[in-house]
Amino acid sequence: MNEQQRAQRAEHRKLAGQLIMIRFPGTELDAATADFLKANGIRAVCLFRGNMTDHAQLSKLTADLRAALGPEALIAIDQEGGAVVRSTWVPAPPAAMGLGAADDTGLARRTGAAVARAVKALGFNWNFAPVLDLNNNPHNPVIAERSFGAEPHRAAELAMAWMAGSEEEGVACCVKHFPGHGDTSVDSHRDLPTVDKPRSELEAFEFAPFRFAAPVAPAVMTAHIVYPAIDADNPATMSPAILDGILRREWHYDGVIITDGMDMHAIAGRYGVGNAAVRALAAGADMVMALGTPQTQDETLEAIAQAIADGTITRAQVDERLARLAALAAKYPCAPRDYAEDTADRAIMAEGWRRALTSRGNPQRPAAGSKVRLVVRQDVVSDGVSEAGVPAAAVAASLGRLYDVELLTFADAESFDWSALPADGRYTILASTSRLRYGPHARATWRPDLHMALWNPYQALDIDAPALMTYGFAAPALDAVNAWLAGDLEAEGKCPVPGFA
């Protein structure tokens, strides 16, 4: 390779670098990662829970990233609300479905603004929220309470109000997962789902919120899902018919299109990360989320650089994508702000959690000071998207402010013998602290006096008992439950998906 060829190769690789977003481990920007960012012209990074410990550490990390990424830095986070939050010490936003249960666009807008104030103060300028997926599938393993509801128009109104709040505070949103992940029973982190509906049904349901958002959304994230009615051969992330055909040409969307993580099994395990990245960009994506390892990130860069060199992705296409990304960075500069609103924002979030609280089956409060038996799973698990649930001891401590609590934990719901609980008159509360639905054994035999569904509201359908649904397990959710138990709050939320009447 001569000097001219080496220079051209370096140029193509730096162009490729501007079209990908990476992640990296650790809570500091180490020298090797900083060199990788600078050498490859990378402008975009997504940070996760493992990159964060507290305000001071995270603020330094994002400052170091800004220095390495340059003036067009895009530093992203998943701070949706509910269980999907990365920065867990800032005011805890209610989940989208909780806001759907409260059914107040003003509250949704104030929540979006409060989320944006907190993440901007930490150094972020791009938040991968709100979710526009409509959840009418009670067996969806990954969306559930992340959706604003099942009615397209109202869900879109609430999501757009949330986004407007974020816009007011200068943080770019990214609606997801286009064109709709709600009606799936497979998690695309683990396999490739299919939504096999006719185009007319997709238009009336899945597509509707995204079409509603298209004139105003700064960015759209793609779904790793096959929609055979439109493109039987490619998931949406790699589908020209969906990204270029529907989103760009039919809906005239001119914001940024970014893929979901290309390390997910739906993509990496089937197509290979480099090949998939090229196909996504060629299909119409502006940025590829290359969240894998340094090795898969390098493979992605090489594949994109080669595609630019051989014309698979033309220079005109590259320039179009760079212009959209530059416009996003210019409109939402990565400039952190002071955060003096922490107390006020906690009040907004607490209001949301209280107004979200939903009852099912006419639950009755145990009297103050009653003897209560609390049944909770032993472990708190993350599903790979959400943060881990609330520990059993924390639920017991919360209820312990009102009652004499005996804590009983189980490892496996399908082998736990409910009939073996002592018949001693204690009021029995089941607290569900994971997203996992219950199996046939628990459904047939568990009979608590009260079921506190502290994460996935669909769990309230699994157990034949009166229930309270919080749509999440953050501390203000437990406070809302205690306020109801104490008689200081009525559960006036209305679950915005079918089946809960």
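Predicted model: local features only at pLDDT ≥ 70, side-chain atom pairs only at ≥ 80, totals over all residues.
Residues are numbered from 1 along each chain as its sequence is written, and side-chain values use heavy atoms, with hydrogens and water left out.

View 1. Helices (H or I, at least four residues) and strands (E, at least two) are DSSP runs, numbered from the N terminus. Two strands pair if DSSP finds at least two bridges between them. Strand β1 (residues 20-22) runs parallel to β11, joined by three bridges. Here I20 stands opposite V288. Strand β10 (residues 256-261) also pairs with β11 in the parallel sense, over two bridges. I258 stands opposite M287. In a regular strand the side chains alternate between the two faces of the sheet.

View 2. The buried residues are V273, G274, A276, A277, V278, A280, L281 and A283. Their cover includes α9 (240-250), β10, α10 (265-271), β11, α12 and α13 (315-331). Contact means heavy atoms within 4.5 Å. After α11 comes G284, with a positive phi near 135 degrees.

**View 3. Helix α11 against helix α12.** Helix α11 (residues 273-283) packs on helix α12 (residues 294-310) at about 45 degrees, and their axes are 8 Å apart. Axes are lines fitted to C-alpha atoms, for helices over the stretch in contact, and angles run from 0 to 180 degrees between N-to-C directions. The two helices are therefore oblique to each other. Angles under 35 degrees count as roughly parallel, over 145 as roughly antiparallel, 65 to 115 as roughly perpendicular and the rest as oblique. V273, G274, A277, V278 and L281 of α11 meet T296, E299, T300, A303, I304 and A307 of α12. By class, this contact has seven nonpolar, three polar and one charged residues. Ala, Val, Leu, Ile, Met, Phe, Trp, Tyr, Cys and Pro count as nonpolar, Asp, Glu, Lys and Arg as charged, and the others, Gly among them, as polar.

**View 4. Helix α14 against helix α17.** Helix α14 (residues 342-356) and helix α17 (residues 475-485) pack at about 50 degrees, with axes 9 Å apart. They are therefore oblique to each other. A350, W353 and R354 of α14 make the contact with P476, A477, A480 and A483 of α17. The classes are six nonpolar, no polar and one charged.

**View 5. A six-stranded open sheet.** The strand order is β12-β17-β16-β15-β13-β14, with mixed pairing. The edge strands, β12 (358-360) and β14 (404-410), each pair on one side only. Neighbouring strands are turned by 20 degrees against each other on average, direction ignored. Strand β16 (residues 450-453) pairs with β17 (residues 467-469) in the parallel sense, over three bridges. M452 has L468 of β17 as its bridge partner.

**View 6. P440 in helix α16.** P440 lies in helix α16 (residues 440-445). P440 is exposed (over 50%), with a relative accessible area of 66%.

Note on methods
Buried < 20%, exposed > 50% of the residue type's maximum accessible area, 1.4 Å probe, protein only.
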